[in-house]
Amino acid sequence: MSKEVVDAMAMQRALTRITYEIIERNRGIGNLVLIGVKTRGVFLAQRIASRLHQLENTVVPVGELDVSGYRDDIHHKEPATKSAITNLNTPITDKKVVLVDDVLYTGRTIRAALDAIMDLGRPNSINLAVLVDRGHRELPIRADFVGKNIPTAQNEHIRVAVDEIDGKDSIEIVTND
């Protein structure tokens with residue numbers, strides 16, 4: 001069973017609010033890099049970058065991050081490689097990095113993302129932007145920019161749909177019975 005809790009318009013407003021908060025926290029967007037966690041975080045990062053360009057008339061680089069090789073809860077035969085970040089044509093050393101993901105849950109994906117980023121350089125700072133914070137943290141990680149806090153039960157999941165993949169924008173709570 002699923003229930004839509006955020007529609008396309010509310011999702012757009014949440015991303016716009018995150019965009020303004022990023023500008024405010026960083027006192028502009030100079031030296032800023034966005035890194036989206038695959039898969040949906042990449043599209044959210046691209047949308048934020050587009051809005052930043054509209055507001056500040058500056059192009060902010062966007063990279064794609066695959067954390068699967070860095071996960072501590074998934075065992076791999078191959079060791080993690082430094083090719084986890086793709087489509088980023090600028091070094092991250094001394095940059096202000098904003099890591100973008102769709103849902104923050106246990107914190108394990110973000111821990112893996114931090115490991116991957118640190119393997120590639122030493123940013124000046126790393127902030128976390130998430131569309132949804134659903135609680136149930138297992139690690140001491142919190143988001144700096146949150147589109148929507150949606151408390152969930154353990155038998156519930158958050159499903160984020162983005163137009164680029166799913167043909168619509170929405171956030172649903174899915175109950176596993």
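How do the residues that line the second largest pocket divide into nonpolar, polar and charged?

Guide: The lining of the second largest pocket divides into three nonpolar, five polar and three charged residues (Ala, Val, Leu, Ile, Met, Phe, Trp, Tyr, Cys and Pro count as nonpolar, Asp, Glu, Lys and Arg as charged, and the others, Gly among them, as polar). The model is predicted, so local features need pLDDT of at least 70 and side-chain atom pairs count only at pLDDT 80 or more, while totals for chains, interfaces and linings use all residues. Residues are numbered from 1 along each chain as its sequence is written, and side-chain values use heavy atoms, without hydrogens or water.

The lining residues are Ala8, Gln12, Leu15, Thr16, Thr19, Arg47, Ile48, Ser50, Arg51, Gln54 and Asp169 (a pocket is an open set of points on a 1 Å grid over the protein atoms alone where a 1.4 Å probe fits, with protein on both sides within 12 Å along at least five of seven lines; lining residues have an atom within 4 Å of a point). Helices H1 and H2 are the elements that each give two or more residues to this lining (DSSP runs, at least four residues of H or I for a helix and at least two of E for a strand, numbered from the N terminus). The pocket holds about 190 Å³ of space, taken as the space filled by probe spheres set on grid points joined across faces, edges and corners.

S5 supplies the largest share, four residues. By type, the lining of the largest pocket has seven nonpolar, six polar and eight charged residues.

Helix H1 (residues 8-25) lies across S2 (32-37), S5, S6 and S7, at about 155 degrees to S7 (contact means heavy atoms within 4.5 Å; axes are lines fitted to C-alpha atoms, for helices over the stretch in contact, with angles from 0 to 180 degrees between N-to-C directions). H1 also lies across S1, S8 and S9, running at about 45 degrees to S1.

The six-stranded sheet is open and mixed, in the order S4-S3-S2-S5-S6-S7 (two strands pair if DSSP finds at least two bridges between them). S4 (85-86) and S7 (145-149) stand at its edges with a single partner strand each, so one side of each has no neighbour in the sheet. Within this sheet, S5 (residues 96-104) and S6 (residues 125-133) are parallel over eight bridges. H3 (residues 108-120) lies across S2, S3 (62-65), S4, S5 and S6, at about 155 degrees to S5.

The three-stranded sheet is open and antiparallel, ordered S1-S9-S8. Its edge strands, S1 (2-6) and S8 (156-161), each pair on one side only, and the twist averages 30 degrees from one strand to the next. Four bridges join S1 to S9 (residues 170-175), and Lys3 has Ile173 of S9 as its bridge partner.
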